Amino acid sequence: MTNDIGGVWRTIGGRKVFIKTGQNLADAMRESGKFKKQKPESLNTFEKQIEYIKEHQDELYNIIETSENIDKELCLKFQERNQFNAKPAVLNSEEFEKLSSKDYIKVYRGYHDGRKSADEYIKDFKYSKNSYGTGGTQYGVGHYTITDKESALRYGKVIEIAIPRKANIIEYDDLINSHYRNFEKYNDNLEAYYNKYGEKVTSVLDAINNNESATAILGNYDVVKKDDIYIILNRGIIKVKE
């Protein structure tokens, strides 16, 4: 099948890798699935989050002090920790249509002209550094997609995306419940936490307290699901139709 696509086989670090015509080595290695890095530990408890924040408090506090969009910038920082900043695999139409519904969830994302044209936004999503977009965030930060194509078309030009069913997906309501459980003790004892950890750590905790997407990323979740909406946090796991 790979020979029909066009490309060559190469041996990298003792592993055979197929490099498609026009594809760079880094993307070919990632698509092969033979060079995956182990995910960092899930920071799914409040105690683990505090330890991480203590270690990186200067950098995280600087985001809070200087950013115009604290929620988004914190999520982008956390995605670096979790290796969520890889580019998606871009497939031609034939490759994309061969993806099985048993293994993938097909969703759509719409774009309209704004500070850039819709085509530029689409190109950025496929090939540029992750940005989590600039639009509304009803269910938190992330790349919003939907299973109904007609709904996506209301937003403008549409791209097709495939999310692996094996991805780490959390229901939005479960995320909210987990998020508030994490912060319940903190919210009841704000002064005690401030006295123990200081201004920088508690300022970051305050920001995460109002940002359920940060909790999702720190918990190593790839996608948040709300009804037929899939909010992609880890762009590196998805496949996009060219």
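Modeller: The side chains of Lys 77 and Glu 59 are joined by a polar contact of 2.6 Å (a pair of N or O atoms within 3.5 Å, one able to donate a hydrogen and the other to accept it). This is a predicted model, in which local features need pLDDT of at least 70 and side-chain atom pairs count only at pLDDT 80 or more, while totals for chains, interfaces and linings use all residues. Residues are numbered from 1 along each chain as its sequence is written, and side-chain values use heavy atoms, with hydrogens and water left out.

Lys 77 sits in helix H5, which covers residues 70-81 (a DSSP run of H or I, at least four residues; strands are E, at least two). With a relative accessible area of 16%, Lys 77 is buried (under 20%, using a 1.4 Å probe and protein chains only). Beyond its neighbours within four places in sequence, Lys 77 is in contact with Leu 60 and Ile 63 as well as Glu 59 (heavy atoms within 4.5 Å).

Now the whole chain. Of its 242 residues, 47% are buried, and Lys 77 is one of these. The protein chain has 11 helices and 10 strands. Of the contacts between residues at least 6 apart in sequence, 72% link residues at least 24 apart. Along the principal axes, the C-alpha atoms fill a box of roughly 65 × 45 × 35 Å.

Methods. Buried means under 20% relative accessible area, exposed over 50%, partly exposed in between (1.4 Å probe, protein chains only).
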